Amino acid sequence: MKKNEFYEGEVISLRFPNKGQVEVEGEEVPVLVKNTLPGQKIRFQLKKARKNRPEGTLTEILKPSDIENQIPPCPHFTGCGGCSYQTLDYPGQLKLKLSQVQKLLMDVYPEFPLKDCAASPRQWEYRNKMEFSFGDEVKDGPLALGLHRRGSFYDILPVPECHIVDEDLRKILIATLAFFRERGIAFYHKMRHEGVLRHLLVRKAWKTGQILVCLVTTSQWEGDGVLSDYKEALLQLSLEGEYAGILHMTNDSLSDVVRSDKTAVLYGRDYIYEELLGLTFKISPFSFFQTNSAGAEVLYQIVREYIGEIKGKVVFDLYSGTGTIAQVLAPVAKKVVGIEIVEEAVEAARENAKRNGLDHCIFLAGDVLKLLDEVEETPDAIVLDPPREGVHPKAIAKILEYGVERIVYISCKPTSLARDLEVFLQYGYQPVRAQCVDMFPWTRGIETVVRLDKK
């Protein structure tokens, strides 16, 4: 096979999260092609002609898979890179996600006890947070506000009918684009480092209905009058929820990350409140909080079930974020110690614990690897909810040296879980219960919860 040449073949299997293994007639080694489904016949261009791991780019689907059984409900599906499985009905995508995770984990431990994937209580309009980007659909085109077009770093696709976003957030998206288009205000050009408009960050709490809007611009713009008009335009919208705050953030960093160098409150306050499992949580613009609040309740109930009886026991919640899991467990535990490296998240966790009357829930800011040496308590059980890359090898060794009887591991990336599982097995831990939880319907994302007991 030659690089840049076009080939046809059938997708025989799918590697997590979206790499199809394509069988080409006359070739011994399958080609990896992203954004495909098992059973599809496709045309692709070979981009990497490596002997044992060739890779291609999808150019055309010649024949759909037998598991594809519906027309994508969202009109943006083909251009947007956010969703992957809208040609499958919901039970079909649950089955597909579960099979991928099973394959990964059973390759490490053939008796891995994973047989189920919990559905999201809300399959549409479930996202409580979105980060939209300003730009143009095509070079020198009109102002656009939306998501990056699939496979593109520059082109922005407007998504006014995005089906996984709450309707109030869609209304704010549409109104914001119309407002700045009408005034001819330019977006920030990443290559030229000039322009004004960068991002729109929006959050809406599921239970309380509180909304937070954050407009992110560069400091090159003196737009106080325009900002006042923008605030008034938003306040005129007819929404189901209510505004908790409208913020203006300036960001002059060269990277495309959504952040704030300086924040001004145009209306209300700079946070919202959300409720989960009878507890209240304060959420700031950049707080980590599960993007599917209804799904988070399902996830945390499973964690609470897996951790078992903890009355009178000390529990460590490592990589604790804003402390949601720690506080869900705290009412029945003797003490919960949460460790998180992001200081803003730790401050939010402390404030939330105080609000919920959980004075035996302690949060520490710092790296798990370093702080474990400073914690005086010895845990009776441990909850791990690491970032996508999993637990650092040195940290996992230190964690397992406690020798606790039970560990509950929550993973948002099954490949990282599979790698860490090998270490757990070496230390004598055995997976006894496991379940996938679909927090991200129609996308490739999946959460996996595993209970590991010491043999």
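**Exercise 1.** Leaving aside neighbours within four places in sequence, which residues is Gly195 in contact with?

*Solution.* A word on the ground rules before we start. This is a predicted model, where local features need pLDDT of at least 70, side-chain atom pairs count only at pLDDT 80 or more, and totals for chains, interfaces and linings use all residues. Residues are numbered from 1 along each chain as its sequence is written, and side-chain values use heavy atoms, with hydrogens and water left out.

Step 1: find the residue. Gly195 sits in the loop between H2 and strand S10 (197-204); helices (H or I, at least four residues) and strands (E, at least two) are DSSP runs, numbered from the N terminus.

Step 2: list the partners. With contact meaning heavy atoms within 4.5 Å, Gly195 touches Ala186, Phe187, Tyr188, Thr218 and Gln220.

Step 3: check one of them. Gly195 and Gln220 are 25 residues apart along the chain, yet 7.2 Å separates their C-alpha atoms.

Step 4: look at accessibility. Gly195 has a relative accessible area of 14%, so it is buried (buried is under 20%, exposed over 50%, partly exposed in between, with a 1.4 Å probe and protein chains only).

**Exercise 2.** Work out how the rings of Phe180 and Tyr230 are arranged, and where they sit.

*Solution.* Step 1: get the criteria. Rings of Phe, Tyr and Trp (its six-membered ring) pair if their centres lie within 6.5 Å; planes under 30 degrees apart are stacked, over 60 edge-to-face, and the rest tilted. The structure holds 14 aromatic pairs.

Step 1: apply them. The ring centres of Phe180 and Tyr230 are 5.2 Å apart and the planes make 45°, so this pair is tilted.

Step 2: Phe180 belongs to helix H2 (residues 167-183) and Tyr230 to helix H3 (residues 224-235), so the pair links distant parts of the chain, 50 residues apart. Phe180 is buried at 0% relative accessibility, and Tyr230 is buried at 1%.

Step 3: contrast with another pair. Tyr271 and Tyr273 are edge-to-face, at 5.5 Å centre to centre and 75° between the planes.

Step 4: widen the view. Phe180 and Tyr230 form one aromatic cluster with Phe134, Phe179 and Trp221.

Step 5: A charge sits over a ring if NZ of Lys or CZ of Arg is within 6 Å of the ring centre and within 35 degrees of the ring normal. Arg183 lies over the face of Phe179, 3.6 Å from the ring centre, while Lys282 lies over the face of Tyr271 at 4.3 Å.
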